[in-house]
Amino acid sequence: MLTKDTVLPRLIEIITPFNRAGTDLNAKTTFATDLELDSLTVMDLTAEIEDEYDMLIPVNMLPDLETIGDVADAVVKIKNA
Amino acid sequence: MPDLFDKFQPLIDQYEGLMASGLRDPFHLQMDEILSPTRAVVNGREIILVGTYNYMGMTFDPDVIEAGQKALAEFGAGTTGSRVLNGTFQGHAECEAALRDFYDMEHAMVFSTGYQANLGLMSAIAGRGDYIVLDADSHASIYDGCAMGNADIVRFKHNDVADLEKRLKRIPDGAGVLVVLEGVYSMVGDIAPLKEMVAVAKAAGAMIAVDEAHAMGFFGEHGRGVFEQAGVEDDVDFVVGTFSKSVGTVGGFIVSNHPKFEVLRFVARPYVYTASLPPAVVACSAASIRKLKYAHNKRAHLWEASRHLHKSLREAGFTLGTETAESAIIAVKMPDQETSAKMWTALIEEGVYVNMVPPQATPGLHLLRCSLCADHTSAQVEEIIARFKRAAATAGLPLKA
Ligand SMILES: Cc1ncc(COP(=O)(O)O)c(C=O)c1O
């Protein structure tokens with residue numbers, strides 16, 4: 001079973017190379033405002049997270065994933081479904 | 001209260017900046033006269049049209065015009081109704097028959113635009129718990145159709161067969177899946193490896209839709225599209241198309257051999273809740289489709305013109321979107337937005353119209369897009385090349401040695 005405690009630090013590792021603004025990365029960091037990711041970068045980042053967990057994060061789910069914590073919750077939920 | 005337009009301010013600023021630089025406005029050009037599929041008058045001057053998607057030059061075909069005039073006189077200016085109410089006339093049925101014959105398929109459904117055909121298919125065919133798997137570079141109408149429906153939407157990297165396969169493997173067992181592909185991608189005019197992609201999608205048990213908007217009329221033995229050329233006709237469940245390019249009118253369609261296809265007429269909302277095409281439009285379209293079937297000379301000429309323009313622009317040092325002419329779209333890459341606007345203006349001054357692709361449509365790319373027409377003469381193509389070279393000098397666009 002994956003838990004948010006293990007997923008969150010791994011997500012932060014994956015997101016670090018995308019953090020060009022040097023923002024503090026934690027569960028509350030937002031992708032749009034804090035990280036200022038454009039749509040192409042979001043696609044690359046999503047693909048990396050999907051590969052890490054061998055899963056799909058559908059495009060229609062993205063608007064609900066505002067923070068790194070939201071993604072961690074989604075990964076745990078989908079993988080344990 | 002905030003002004004609801006505030007969110008558009010960056011775009012308004014960008015546009016006003018472009019206009020303040022004294023360049024022409026690429027997005028509000030007015031064609032005062034259309035002399036032929038390849039010539040128009042703008043501001044009292046004749047220009048060559050090299051960005052119309054009028055691939056087969058059918059807009060002024062005498063048989064097409066005659067069919068339209070007859071229908072206009074006999075059936076009136078409009079239908080004032082939905083396809084499922086009072087808006088299906090003899091011409092709509094005839095148009096669907098022409099499509100069934102052209103594609104050699106059992107079913108054809110004519111929509112008011114290609115945009116709506118994609119909206120209708122994507123939003124209706126896949127429901128909650130189903131998946132639509134689409135190329136990341138898919139046309140806006142495919143994305144919008146997905147957004148209208150309730151399926152889960154999964155993207156794969158543009159034209160990447162391995163990425164498509166990887167994503168299909170991750171879909172939970174038991175979910176319905178539609179894979180959406182395009183024959184020709186309209187931004188740079190590259191074609192999809194349909195043989196490999198269709199094989200991978202079939203192996204995963206998915207249904208397959210191919211949008212052949214930019215390929216109808218000149219790919220494959222019968223001009224059906226890239227899916228015909230790739231030899232995958234029997235494995236494709238739906239072909240989506242438009243009348244607004246090779247057919248030379250306006251409208252959209254889906255053709256299919258699926259035995260239950262006709263139910264889409266009740267469930268595709270963009271088919272039901274809008275008025276049908278005017279009688280003249282369906283009559284012109286049917287006449288055009290019937291002629292496209294036999295337009296072998298036009299097809300050959302279009303390919304020759306496309307290859308020649310591609311080769312010559314490349315040799316002149318322009319940076320193009322593809323290594324070779326894969327379709328009738330030749331995209332010229334610009335280094336930045338400003339040079340792109342300058343080059344576009346210089347081309348208009350020289351008397352050449354191409355599309356300046358808005359940067360929102362191709363993040364990270366600045367493109368001037370040419371599309372050829374079967375009616376472009378060899379002399380016109382030479383003229384286009386010469387004008388491109390002069391425009392590059394005027395616009396200060398560096399060319400490769
Ligand atoms: C790939 C693709 N599909 C669909 C459409 C929509 O066609 P229409 O102009 O008939 O709405 C277009 C044209 O813009 C297109 O390029």
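How many cavities of 30 Å³ or more does a search of the whole structure find? The search finds one. The model is predicted: local features need pLDDT of at least 70, side-chain atom pairs count only at pLDDT 80 or more, and totals for chains, interfaces and linings use all residues. Residues are numbered from 1 along each chain as its sequence is written, chains are lettered from A and ligands numbered from 1 in the order in which they are written, and side-chain values use heavy atoms, with hydrogens and water left out.

**View 1. The largest cavity in chain B.** About 50 Å³ of space lies in this cavity. Strand E4 (107–111) and helix H10 (269–272) of chain B are the elements that give two or more residues to the lining. Among the lining residues are B:Arg83, B:His92, B:Phe111 and B:Tyr271. By class, the lining has six nonpolar, four polar and one charged residues. (A cavity is a set of points on a 1 Å grid over the protein atoms alone where a 1.4 Å probe fits but cannot get out; lining residues have an atom within 4 Å of a point. Grid points are joined across faces, edges and corners, and a volume is the space filled by probe spheres set on the points. Ala, Val, Leu, Ile, Met, Phe, Trp, Tyr, Cys and Pro count as nonpolar, Asp, Glu, Lys and Arg as charged, and the others, Gly among them, as polar. Helices (H or I, at least four residues) and strands (E, at least two) are DSSP runs, numbered from the N terminus.)

**View 2. The largest nonpolar core.** This core has 102 residues, and B:Phe318 is one of those with the most contacts inside it. Domain 1 (6–56 + 296–395) and domain 2 (62–292) of chain B both give residues to the core, so it lies between them. (A nonpolar core is a set of buried Ala, Val, Leu, Ile, Met, Phe, Trp, Tyr and Cys residues joined through side-chain atoms within 4.5 Å; buried means under 20% relative accessible area, exposed over 50%, partly exposed in between, with a 1.4 Å probe and protein chains only. Domain bounds come from an automatic or database domain assignment.)

**View 3. B:Ser288 in helix H11 of chain B.** The helix spans residues 279–292. B:Ser288 is buried, with a relative accessible area of 0%. Leaving aside neighbours within four places in sequence, B:Ser288 is in contact (heavy atoms within 4.5 Å) with B:Met58, B:Val64, B:Ser246 and B:Val247.

**View 4. B:Asn43 in a loop.** B:Asn43 lies between strand E2 (39–42) and strand E3 (45–49) of chain B. B:Asn43 has a positive phi of about 50° although it is not a glycine, and counts as exposed at 57% relative accessibility.

Notes: 1 Å grid on protein atoms, 1.4 Å probe; cavity = no way out; pocket = protein on both sides within 12 Å on 5 of 7 lines; lining within 4 Å.
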